[in-house]
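Please read them with the structure open.

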Amino acid sequence: MKKIVNAFLSIGLVLLLASCQSNDTSSTKKDKSLDVILSDISHKYNVINYGSDSKEININVEDTEKASKVKKDIENQLKENGLNNYKVNVHERNIKQVKKEDQWFELENKALTNLQETKEYRNVTTKKTEVTLDKPVVIALSTPVSTSDDSVKTYAKGIEQNINRFLQSQHVKDPYKIVIYDKDDNIINM
């Protein structure tokens, strides 16, 4: 009788240990956070950048990737992890274009900061322009002056010289064009 009890106890103990070690493969929820999912995606594909808020995920991938494939992968991972409330936007971008945009964004900011160190140019701001691979970059600046001011041409010339000097000091090779606007959005340097 003692042998039978020991046998049942041994079998029960083996079954208990085996059930503790088995994985629950019926659950598909992995509990990854959004940050982990996006990090995994950026390692798996040629991701240029990504961002998200509480409703949307925006990802730029190199144009060597298929946006639809990346989007589907993200949506699948979100679903597997119970994160179904996001709209996913994936855009294919030319990496040379992105680099040129980033380069000129940084140059424009530095040039404007340099320009605004001069008291008379403190209120000059930049205007958004499109940077393309096949055309000269347009640096558009808004000023607080009016075309009716007598010194408007001299003012615009001073801005142009300052920007040109700065860009030359940065050894800029790309062609560019400076367009300066008055407070009423009229071009004052052409």
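This is a predicted model: local features need pLDDT of at least 70, side-chain atom pairs count only at pLDDT 80 or more; totals for chains, interfaces and linings use all residues.

The points below go from the overall fold to single residues.

1. The protein has five helices and six strands. Read from the N terminus, their order is α-α-β-β-α-β-α-β-β-α-β.

2. Of the 190 residues in the protein, 32% are buried. Among contacts with a separation of 6 or more, 61% join residues 24 or more positions apart. The accessible surface is about 13,000 Å², and carbon and sulfur atoms hold 50% of that surface.

3. Aromatic pairs. The whole structure contains two aromatic pairs. One of them joins tryptophan 104 and tyrosine 176, with 5.9 Å between the ring centres and 50° between the planes, a tilted arrangement. Tryptophan 104 belongs to helix H4 (residues 95-116) and tyrosine 176 to strand S6 (residues 176-181), so this pair ties together parts that are 72 residues apart in sequence.

4. Tyrosine 176 is partly exposed, and its relative accessible area is 24%.

5. A lysine over a ring. Lysine 127 lies over the face of tyrosine 181, 3.9 Å from the ring centre.

6. The largest pocket. This pocket holds about 260 Å³ of space. Which elements supply at least two residues each to its lining? They are H4 and strand S4 (125-127). H4 gives the most, with six residues.

7. Backbone at histidine 171. Most residues other than glycine have a negative phi. Histidine 171 is not a glycine, yet its phi is positive, at about 55°. Histidine 171 sits in the loop between helix H5 (152-169) and S6. With a relative accessible area of 62%, histidine 171 is exposed.

8. Backbone at aspartate 185. Aspartate 185 also has a positive phi, near 70°, and is a residue other than glycine. Aspartate 185 is placed in the segment after S6. Its relative accessibility of 46% counts as partly exposed.

Notes: Residues are numbered from 1 along each chain as its sequence is written. Side-chain values use heavy atoms; hydrogens and water are left out. Helices (H or I, at least four residues) and strands (E, at least two) are DSSP runs, numbered from the N terminus. Buried means under 20% relative accessible area, exposed over 50%, partly exposed in between (1.4 Å probe, protein chains only). Contact means heavy atoms within 4.5 Å. Accessible areas come from the Shrake-Rupley method with a 1.4 Å probe; for residues, only the protein chains shown count as cover. Rings of Phe, Tyr and Trp (its six-membered ring) pair if their centres lie within 6.5 Å; planes under 30 degrees apart count as stacked, over 60 as edge-to-face and the rest as tilted. A charge sits over a ring if NZ of Lys or CZ of Arg is within 6 Å of the ring centre and within 35 degrees of the ring normal. On a 1 Å grid over the protein atoms alone, a cavity is a set of points where a 1.4 Å probe fits but cannot get out, and a pocket is an open set with protein on both sides within 12 Å along at least five of seven lines; lining residues have an atom within 4 Å of a point. Grid points are joined across faces, edges and corners, and a volume is the space filled by probe spheres set on the points.
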